[in-house]
Amino acid sequence: MSEKFSPTLRIGDLSDFIAPSQACVVSLKGLKTTSKKPDKVEVSTVNKQQTDPVKISLKDCLACSGCITSAETVMLERQSLDEFLSNLNNGKAVIVSLSPQSRASLAAYFGISPLQVFKKLTTFLKSLGVKAVFDTSCSRDISLIEACNEFINRYQQSQVVDDDRSKSSLPMLASACPGWICYAEKQLGSYILPYISSVKSPQQTMGATIKHHICKKLQLRPDEIYHVTVMPCYDKKLEASRDDFVTEVESHGGLRVVEVDSVLTSGEILDLIQLKTVDFKAVEESSVDRMLTNVTEEGHLYGVSGSSGGYAETIFRYAAKVLFGMDIKGPLNFKIIRNSDFQEVSLEVEERTMLRFAMCYGFRNLQNIVRKIKMQKCEYHFVEVMACPSGCLNGGGQIKPKPGQTPKDLIQALETIYMENVLAADPSKNPIVKGLYDEWLEHPGSEKAKKYMHTEYHPIVKSITSQLHNW
């Protein structure tokens, strides 16, 4: 493993998606080699001698935990602690956006609250030269609002074409998980993509907000900002590197900017703290940057229930109210189907099931949903899809269990810690988000919102892997 990668990254950490069925190196004759995963990947070309290895890029990555995500060629040099530290000294304004899942991971490790982590991390990062530390719970609220609006439109459209399931755009599938998106584009193809929500993930929503709007408030050009997110998942690095998220800034003559310049995992932030030999629990607590942070006047964090973003629950409540005039109070009655990573909830109106939502975590459960959609027999209206079992709190980039602690015990602790200090609130009531719509996006589903907060997905032909036998 090259030294340019953060020391947290190990091949074994990348096993939270689809296990590879065989080795990564294939000879000219297409013969399998040993099943051991190599640290480097060299795939010989078909029309040359075995002298020129072909470099595998992000476009060939399946996010399957096999050869490509283990290869040195995948993690771009900019996706590292070294690159982050170097940008602190190059004159750019470094902005860090912290995910609530990473906040919970660090809180569990240090034995303090997520709010304390946020305040201490703000102090620590600013001591290194970071300009601002924001909260992706804020951008997640934008993603949720746009997803609610998109679902209502799809549901109403589906009622018009209800007699022809092949024309229905339901079920709507969540789009926040890059591992799932990567798999859908590269393995499932065009038949599944129309069902995936067009709303960007909170990471990319935050990137678009900072590079296209907040930079003006900071009196900075978009290219003067180096935006870093802290995420629970290695695939967020792949997401940030998508060509779709390099956008033009019209006010600067079509200047092309990357929405998210770099992604660091929860574990890499821990590495940074240890690298600087800081007693993190002793670090003073600073006031958080309120410009893009979900925090009340009293200093409490607020957000939504659901450790993977709360998509199913938030959209379900919104749809019940808008479509059927039912204001649901209290917790939703999710029922476990098959296992705890597959749950569903339904809305009954006059003894008829009008809404049926599901949370589907892990590829084993996902296969059942995909199969039903392909056969046009899926009974759900919306599915919150996450690649990792137990969802985002169990992402491959989270801090590992301590000695004597089982992964299951850690996940249970994280689920409790995640909601500590958090007041559940309707995303549409978020004053910061309301301000962003008033000043910039106009209203949910507007042309501006579609331009900056939505994206497209594409079937991808694998330029290298398509040549491999029995991939």
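A charge sits over a ring if NZ of Lys or CZ of Arg is within 6 Å of the ring centre and within 35 degrees of the ring normal. Keep that in mind as we tour this predicted model, where local features need pLDDT of at least 70, side-chain atom pairs count only at pLDDT 80 or more, and totals for chains, interfaces and linings use all residues. Residues are numbered from 1 along each chain as its sequence is written, and side-chain values use heavy atoms, with hydrogens and water left out.

**Charges over rings**

The charged end of Arg338 sits over the ring of Phe342, 5.2 Å from its centre. Lys402 places its charged end over the ring of Tyr109, 5.0 Å from the centre of that ring.

**Aromatic pairs**

Rings of Phe, Tyr and Trp (its six-membered ring) pair if their centres lie within 6.5 Å; planes under 30 degrees apart count as stacked, over 60 as edge-to-face and the rest as tilted. The structure holds 11 aromatic pairs, including these two:

| Pair | Centre to centre | Angle between planes | Type |
|---|---|---|---|
| Phe342 and Tyr380 | 6.2 Å | 50 degrees | tilted |
| Trp440 and Tyr452 | 5.2 Å | 40 degrees | tilted |

Phe342 lies in strand E12 (residues 339-349) and Tyr380 in the loop between helix H11 (363-374) and strand E14 (382-386), 38 residues apart. Helices (H or I, at least four residues) and strands (E, at least two) are DSSP runs, numbered from the N terminus. In the other pair, Trp440 belongs to helix H13 (residues 431-441) and Tyr452 to helix H14 (residues 447-453), 12 residues apart.

Phe342 and Tyr380 are both buried. Trp440 has a relative accessible area of 6%, so Trp440 is buried; Tyr452, at 14%, counts as buried too.

Elsewhere, Phe151, Tyr155, Phe316, Phe324, Phe357 and Phe382 form one aromatic cluster.

**A covered strand**

Now look at strand E3 (residues 93-98), where six of the six residues are buried. Ala93, Ile95 and Ser97 lie on one side, with Val94, Val96 and Leu98 on the other. Two strands pair if DSSP finds at least two bridges between them. E3 pairs in the parallel sense with strand E6 (residues 225-231) over six bridges, and Val96 has Val228 as its bridge partner there. E3 also pairs in the parallel sense with strand E4 (residues 132-135), over four bridges, where Asp135 is the bridge partner of Leu98.

Methods: Buried means under 20% relative accessible area, exposed over 50%, partly exposed in between (1.4 Å probe, protein chains only).
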